[in-house]
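Q: Could we go through this structure together? Please put it up first.
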Amino acid sequence: MQKLQKLALFLLASALGATLQRSARADETASTRRALAARGVDRPYTLAQLGLGLLTLPAADVCLKSRPCTKGDSSIGIDFWQMYRANRSFAVGAGASVALVPTTDNPPSEAGIDRSHTRSYFLVEGQGRYYAIVSPSFEAWIGATAGIVIVSDRYSIDDPSKRTWALIGPRSSSVSTEGATVGALFGTEWSFAPNWALGFSARYMQWFLPHEPATTVFLDRATLTDQQSAIHVGISCSYRIAL
């Protein structure tokens, strides 16, 4: 008889514990849903994101006329993305990236004329994201990008005494190279206000540029050709607008 009582008490305690555990999980899920709903994640919204980062081409052969080739190039740039997020898991959008401030460069000096060379990058891409982690204050996602890239090489004369040669027109020459880009990326975001978030992202890209370098009338040539690998890392600030 005592064994039956003990067994009944054990079964009753087990059932009560399971009920309490399910209730706690339900409360936690409901609390998470309420927090996400307060942020507008449970309904479609648009996202405007502005970022600052470093674009680097670690394995690029940068070759200039009459100068030895160098390996790698880096530039500081900004990017802007406009995203549409239909639900918690997926978002699509497009954006542009501009890198205008090179941290490494190879200035040429030919025929006794001191010249400088600067390189800039412009990208227009589409982007798709899958949010693998979604919580009230933290999110993490992976995604893919595809678009076009434009590499611009600009040559200018630095010596003021030689600039008098340019009587008409600009005192520099530019050459542009256009190609395609595809990439993969991941990122994280921390929400510090109902509609605001700070984030970090890293993107790996493959650029497909023409095999033959473009040249100007002065025989200045484009510095990047063929397939190139590029990496972009940066921080961002985003603002959400619920629809």
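A: Helices (H or I, at least four residues) and strands (E, at least two) are DSSP runs, numbered from the N terminus. The model is predicted: local features need pLDDT of at least 70, side-chain atom pairs count only at pLDDT 80 or more, and totals for chains, interfaces and linings use all residues. Residues are numbered from 1 along each chain as its sequence is written, and side-chain values use heavy atoms, leaving out hydrogens and water.

Q: How many helices and strands does the protein chain have?
A: The protein chain has 1 helix and 9 strands.

Q: Where does D226 lie?
A: D226 lies in the loop between strand 8 (196–208) and strand 9 (227–242). D226 is not a glycine, yet has a positive phi of about 60 degrees.

Q: Why mention that?
A: Most residues other than glycine have a negative phi.

Q: New topic: how many salt bridges are found in the whole structure?
A: The search finds 4 salt bridges, each a side-chain nitrogen of Lys or Arg within 4 Å of a carboxyl oxygen of Asp or Glu. One of them joins D73 and R119 at 2.8 Å, N to O. D73 lies in strand 2 (residues 70–85) and R119 in strand 5 (residues 113–134), so the pair ties together parts 46 residues apart in sequence.

Q: Is R119 buried or exposed?
A: R119 is buried, at 1% relative accessibility. Buried means under 20% relative accessible area, exposed over 50%, partly exposed in between (1.4 Å probe, protein chains only).

Q: Which residue meets R119 at 3.5 Å?
A: D153 does, through a salt bridge between the side chains.
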